[in-house]
Amino acid sequence: MDLSNIGNLIGGLGLFLLGMQLMTNGLKRAAGQTLRKALEAATKSRLRGLISGTAITALVQSSSAVTVATIGFVNAGLLNLGQSVAVIYGCNIGTTMTGWLVATIGFKFKISAFALPMIGLGVVMSLVGGEKRYAHLGTSLTGFGLFFIGLSFLKGTFTGLENSIPFEAIGATGYGLALFVLAGFMMTVLIQSSSAAMAITLSMAATGAIPLAAAGALVIGANLGTTSTAALSVIGATSNAKRIACAHVFFNLITGTVGLLLLLGLSGIINNSDLAQSFDLVILLALFHTLFNGVGVLIMWPLTTPMVAFLNTRFRRGDEDQAKARYLDKNILETPPLAIDAMTRELGRVSRMTSTLAKQAISAEVSDSAPIKAQAITINKLIVEIGKFNQKLAQQQLSEESSQILPSAMRVARYFNEMARLSSLIVEYSERFDQINDSSTQKDIYELKKITNKMLDAAVVEDELYASSSETREVLHKLENKYQKIKQHVLDAMIAGRLSPDEGTNLLDSLSHIHRLGEQAEKSSRYWSSLSPVEHRSPVVERHESQKHKQEQETPEDKPEEKQTEKSPDVPLAVN
């Protein structure tokens, strides 16, 4: 192979990979929510998961995109691990479509006759369409054309290569086939694309540069090479992502071993020259790729349940660390709808942690301050992680609705952060409450704590993501009334001498923290609905509008004596 062939190889491979990337991105954007809806069908059964994984991967031509979406669904609780493993099996079958495209179209027609017009038409559609669906289809069409032009360069590169390297002699031995498996593995690891490795293998087989058995070994190696992509993608990822990657590795290792044993047993028949004359080797190779993955599914299907049971016992250490995000996975950033679901789910988890912490702080004693402060620090770390994830998500191509969700998510996170901070302060005031001798004031304190606890219960985000904020608005009105009344009672007690000036001032300070805690909880509930799709949202009603409506229905004696509250500016969360 001279320098010219090396240049053609590099350029052809680059065009092929660029075409694959454009084709995949275009199809993903054109599909919109189709990928999500198709994966939702996988929740019905493992068989449907297998079918969904196969169909979606064949459509978008990217097993990694489907794997990432599957991880997102598992993190969101929409798929269990068994169903997701079935989707991964389907991905391995669906990815064989690349081989069939190459075998049936790439080497059967004059590529320039249809590839160049496809590129031209695709570019025009992309330029004219803006963000419309047919513009994304144009991008995909452009990638499709580049895919085949790159393939033509690859095919030309390997013509006559068999005269330079004795591939046939090497592939005639068991050790030789093992070397080809290793070569396929290394090729995929270096290129990070099993489709590109498959295209190179088919190009070599089409030109006669490599015998069929050796080409089959390269295909097995390429399948094994995809495990490196999975392993690299889950470094620092969630436990669910690691379990799915392990299932992927187990599948490819077991089926790769079986495939190699079959090749070793049948290599003499496969390399028979009569076979090469009677059949199209490229078609046979594509068929082998499909059958090989199909047999792998048949082998792994009865082993899925014990494998899932084993994987569910692994990678628990990360989940046990409360300060580590459970749902935020870097692999799903390229699929914004799933990334937003994951971020919303993580915020829901923080909401439950914060509510529990706040209720503990309200009823705690001074001796409980250390664990409460430690938990507040944990919540702060989680919110910083959410902020970093939010920033990375903002760098993706987002729809207008998704772009509006991100600031609301940070607003809600800021409220949780403030609730955690207030909780760590409130516990310090518990001793002051016990020192109050005035029975009327003690009763007011008890009732304020009771209403605040009710607010925390109403504002907490449970498993359902589309909770209404109407209940918290009602509780807020009661909290405001009680807070204004208790402030007046404390001031009256100070004037009457039942409380010393120091006691009264400190008490007002501590009651202000409890009142503010309830306010922050209500705000988090009020803006939580903006993290949901439009059709599920509860309207965001400003507090003064809600109170105005309530006050119109109140009797004069029920109205608060004072309408001054300590408000906090709605500033973005500072992410360190």
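Visitor: Let's start with α24. Is that helix enclosed or exposed?
Guide: It is largely enclosed by the rest of the structure, because 21 of the 28 residues of α24 are buried. Keep in mind that this is a predicted model.

Visitor: And how far apart are the end C-alpha atoms of α24?
Guide: They are 40 Å apart. That agrees with the span of 40 Å that 28 residues should give at 1.5 Å a residue.

Visitor: What share of the contacts with a separation of 6 or more comes from residues 24 or more positions apart?
Guide: Such residues account for 82% of those contacts.

Visitor: Okay, on to the largest nonpolar core. Which residues touch the most other members?
Guide: Met-343, Leu-347 and Leu-511 do, in a core of 62 residues. Each of α18 (336-363), α19 (369-394), α20 (400-426), α22 (439-459), α23 (470-496) and α24 (501-528) supplies at least two residues of this core.

Visitor: Which helix gives the most?
Guide: That would be α20, with 12 residues.

Visitor: Back to Met-343. What is it in contact with, leaving aside neighbours within four places in sequence?
Guide: Met-343 is in contact with Leu-328, Ile-386, Phe-389, Asn-390, Leu-393, Leu-406 and Ala-409.

Visitor: How many residues are in the second, separate core?
Guide: That core has 45 residues, including Leu-13, Phe-180, Ala-205 and Ala-286.

Visitor: What about Ser-351, buried or exposed?
Guide: Ser-351 counts as buried, because its relative accessibility is 4%. It lies in helix α18. Setting aside neighbours within four places in sequence, Ser-351 is in contact with Phe-416, Ala-459, Val-460 and Val-461.

Visitor: Let me switch to Leu-311. Where does it lie?
Guide: Leu-311 is in helix α16, which covers residues 304-311. At 0% relative accessibility, Leu-311 counts as buried.

Visitor: Which residues is Leu-311 in contact with, beyond those within four places in sequence?
Guide: Leu-81, Arg-243, Cys-246, Ala-247 and Phe-250. Leu-311 and Asn-240 are 71 residues apart in sequence, and their C-alpha atoms are 9.3 Å apart in space.

Visitor: Last topic, the second largest pocket. How much space lies in it?
Guide: About 1000 Å³. The elements giving two or more residues to its lining are α1 (3-31), α4 (63-75), α5 (81-94), α10 (174-191), α11 (194-206), α12 (212-233) and α13 (239-270).

Visitor: Which lining residues lie nearest the centre of that pocket?
Guide: Ser-62, Ser-63, Ser-64, Ala-65 and Thr-229, out of 42 residues that line it.

Visitor: And how does the lining of the second largest pocket divide by class?
Guide: It has 13 nonpolar, 26 polar and three charged residues.

Conventions: Residues numbered from 1 in each chain as written. Predicted model: local features only at pLDDT ≥ 70, side-chain atom pairs only at ≥ 80, totals over all residues. Heavy atoms only, no water. 1 Å grid on protein atoms, 1.4 Å probe; cavity = no way out; pocket = protein on both sides within 12 Å on 5 of 7 lines; lining within 4 Å. Points joined across faces, edges and corners; volume = space filled by probe spheres on them. Helix = DSSP H or I, 4+ residues; strand = E, 2+ residues; numbered from the N terminus. Nonpolar A, V, L, I, M, F, W, Y, C, P; charged D, E, K, R; others polar. Core = buried A, V, L, I, M, F, W, Y, C linked by side-chain atoms within 4.5 Å. Buried < 20%, exposed > 50% of the residue type's maximum accessible area, 1.4 Å probe, protein only. Contact = heavy atoms within 4.5 Å. Expected span 1.5 Å × (residues − 1).
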